[in-house]
Amino acid sequence: MPAVKGDGMRGLAVFISDIRNCKSKEAEIKRINKELANIRSKFKGDKTLDGYQKKKYVCKLLFIFLLGHDIDFGHMEAVNLLSSNKYTEKQIGYLFISVLIGATNDLMKLVIQAIRNDLASRNPVHITLALQCVANIGSREMAEGLSVDIPKLLVSGDTIDAVKQSAALTLLRLLRSSPDIIPMGEWTSRIIHLLNDQHMGVVTAAASLIENLVKKNPEEYKGCVSLAVSRLSRIVTSSYTDLQDYTYYFVPAPWLSVKLLRLLQNYPPPEDPAVKTRLTECLETILNKAQEPPKSKKVQHSNAKNAVLFEAINLIIHMDSDPNLLVRACNQLGQFLQHRETNLRYLALESMCLLATSEFSHEAVKKHQETVITALKTERDVSVRQRAVDLLYAMCDRTNAEEIVGEMLEYLESADYSIREEMVLKVAILAEKYAVDYTWYVDVILNLIRIAGDYVSEEVWYRVIQIVINRDDVQGYAAKTVFEALQAPACHENMVKVGGYILGEFGNLIAGDPRSSPLVQFQLLHSKYHLCSPSTRGLLLSTYIKFVNLFPEIKNTIQDVLKSDNNMRNSDVELQQRSIEYLQLSSIATADVLATVLEEMPPFPERESSILAKLKKKKPSSVPEGSEQKEHTATKLPQAQMSNNVESNPPTTINLMSQGESSTDDVMEKGSPVGGSATVDLLGLGTPTQTAPSAGGNGDGLLVDMFDTLTSNKPAPATNGMDLGGLTGGAEEAFKSDDSLSRFICKNNGVLFENDLLQIGVKSEYREDLGRLWVFYGNKTTFQLNAFCVDISQPGGLTESLSIQQKPVGGEVEAGAQVKQQFNMACVQEFEDAPIMSIQFLYSGAQQKIALKMPVVLNKYISPTEMDASTFFNRWKALSSPSQESQQIFKATSPIDTEQIKTKLIGFSVSVLDGIDPNPENFVSAGVLHTRNQQVGVLVRLEPNKQAQMYRLTVRASRDRVAKILCDLLQSQL
């Protein structure tokens, strides 16, 4: 460590030299212990230590800590250094505090007071040191203590520019960690006018601060638009020599330009004509500069120039009001489609996907169709190929649908497994949306099943059946086509499902041809029977009983199959029941009864396509809002209902069971994995899928439209809001879904995430402030997952609130095997966010990354408490402060059921106290939240209104914030 002239610390230099000269770890520890003993004795015994000596010893402690040793003393001496007027002493004091004193340390009040003193001083160096310390720690206590001092310092006319920069960035740090504490209303106009400051560094720091504030309260800060446009105009129209100190490789102030362009994307186009004209001129100038020859060949120049250009294009897309700008932006992006830089090609494709949804630029995007198709076939990077697929999907309309769908089908045969499922959904949607000739649509879907049957979800084949049933002109062609497709030696099970259903309904339309006679149709379907899963066999049995009605001449052949031991004594109770009931129906019922029971399915009602709904949920960015604007000329198709879980039941043919009994005509296998996947639940944690309800009570009770009997009780797909089917090899996708976490608020076990590669299950237990979480990683593939690792990150100030220790997980997960990892957690204080679990592994040489929120929520650390009525209401009245109460009135998401509410309250870890509330319809609960620092009393009162289907939920707690956090968690369950 070089000594500062006139202020060298010889003792520190000697100590560092001794440490470096140690020959072994033991010698180093011995020397460190000797020095620690010496420092301890100096701090305790020598009351005459001057500032220099304190600084030297504190520096030694800091160096020892950085070597990896624990330091349990010297903190007070470091705090004392803050009161020194010498820069070096104050600097070391702040450095020690930033590194060794945590946000919950008892000395924090003294530190905050010392910081406040420095902020009030006139020495800009001292002020900057204090601001750096605040930004490094950024605790809630600091935000509360300095919520007035820092904004005041920022807008003061006496503050120098360097301090204003630090103040703006420090305030941004506090706003991110404690957004509810900093009162910004009184400073609004003065902070906005920082955009007009003469110092570019101040403007750059203020732009970051204002963008954060705008996202929280855009209306309050809308005055920044005109100032941002004005400042942007001055930067864009200046030459790089005008802003020499802020020019980066001949690009004037690129970082500030990007910040201002992002800031403007939080607002609609300016209403003031002068401001709007000036902004348009800025954007045109940026597009013009992009066409100019580069002023430097260095990559830094092109990066800075392109950063401003792409942000300007994002603003043009956001405004979506100037056709000229949109077309120019599209043409500029088109030049990047064949650029040698992969990142530019990726960004160009991504931006053009958004441009394709605008009515002004859609035609301009279509001009690049051939280039995009070439990129799809020749691009090496799979993430770029995926963006090419997205762009083809976005630019497709009635004029080019057949060509684009054909190219996508051709590419699908060699496409990466990671994008196949998404491609299948997109091809199915395009084929349906732009089909003029529905025979083409049937051909496309059957080709999809043939090429990528494993990736064709049930929504896709349900949908083709619905359309065939609703359109008389395509039924004969569909029957003929599936009959021919079933003759292939290798036939995917989804093709058997579609073939069985369509031939069961419309096989009579092709029975006149000897090559597709009734017996030939039956034999063809039955030849696939033994290769199918139980759910498909059940569908085929329904087809056979339909054949009995359509083709009486093969009735005996079908009855022989139904009588076989393979069906009558099948271990699957569903198949056994179907065989017995269908055999009895075919033997006892008259021809008229058979004709009534087994008549054709009626047309399905017009509903939104469940395929589009699944794509929206799987990848919302690929179906932008407004993307349907260019389809207004399309013929309206009968569409299937979108289930709440994006999971619709297959169309069914008959229901022979009376009301109240379980249906035997459900095409789906009981207990099959959600989403129709044929994979096995490796962990045994999956929630069994419920069968569809009976159709009893609808007139004749014989015909049932399964799409009218969907319930919201089906379990949600076992994922954390993310499906790796949409991941790209070598790419990262992170989706942290609060919806999936809400499933674990009132339960401790379940499947957290599942896709084609991996199933992740969790099991947990809690006792007071301690908890243990076991995570099970199940490899669902036939290949080993390599370089398997799991990292935990804690966003915001979560590290101060939740302590997590994780045990290592092995680097490989064998095919079909599972590994277990344990996490030990301790609740230090109340918390709102959940830890992020980042999982990385190699599959077939491609890097896969998954980011999930861990199911760790505050109510897990509650213990239920019993109390009588007087105790409850005495404590209830005692917690009367507004900060101790949180109340919400909201609509029930499901019918109000007393037992269900009790179950949820118990699962929420609070007691259910009977006979406490004067109104017997109400629920009152109590519990104690255990943290390492203290215990927090929690009281809950839930008032349901069955008539209005509403709840009033009130939570009171003895510590601020706890009531609000718990109220939000419980409300999400009701």
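Buried means under 20% relative accessible area, exposed over 50%, and partly exposed in between, with a 1.4 Å probe and protein chains only.

## Basis

This is a predicted model, in which local features need pLDDT of at least 70 and side-chain atom pairs count only at pLDDT 80 or more, while totals for chains, interfaces and linings use all residues. Residues are numbered from 1 along each chain as its sequence is written, and side-chain values use heavy atoms, with hydrogens and water left out.

Val 474 lies in helix H26; helices (H or I, at least four residues) and strands (E, at least two) are DSSP runs, numbered from the N terminus. Its relative accessibility is 1%, so Val 474 counts as buried. Beyond its neighbours within four places in sequence, Val 474 is in contact (heavy atoms within 4.5 Å) with Tyr 438, Thr 439, Val 442 and Val 468. Asp 437 is 37 residues from Val 474 in sequence, with 8.9 Å between the C-alpha atoms.

The axes of H24 (residues 438-452) and H26 (residues 472-486) come within 10 Å and cross at roughly 25°. Axes here are lines fitted to C-alpha atoms, for helices over the stretch in contact, and angles run from 0 to 180 degrees between N-to-C directions.

From H24, Tyr 438, Thr 439, Val 442, Asp 443 and Leu 446 meet Val 474, Tyr 477, Ala 478, Thr 481 and Val 482 of H26. By class, this contact of H24 with H26 has seven nonpolar, two polar and one charged residues. Ala, Val, Leu, Ile, Met, Phe, Trp, Tyr, Cys and Pro count as nonpolar, Asp, Glu, Lys and Arg as charged, and the others, Gly among them, as polar.

## Helix H5

Helix H5 covers residues 87-100, and its 14 residues should span 20 Å at 1.5 Å a residue; the end C-alpha atoms are 20 Å apart, which agrees. The expected span is 1.5 Å times one less than the number of residues.

Buried residues of H5 include Ile 92, Gly 93, Tyr 94, Phe 96 and Ile 97. Among the elements covering the buried residues of H5 are helices H3 (51-66), H4 (75-81), H6 (108-119) and H7 (124-137).

## Pro 855

The loop between strand S11 (846-853) and strand S12 (862-864) holds Pro 855. Pro 855 counts as buried because its relative accessibility is 5%. Outside the four places on either side in sequence, Pro 855 is in contact with Leu 741, Phe 744, Leu 752, Val 762, Tyr 766 and Leu 773.
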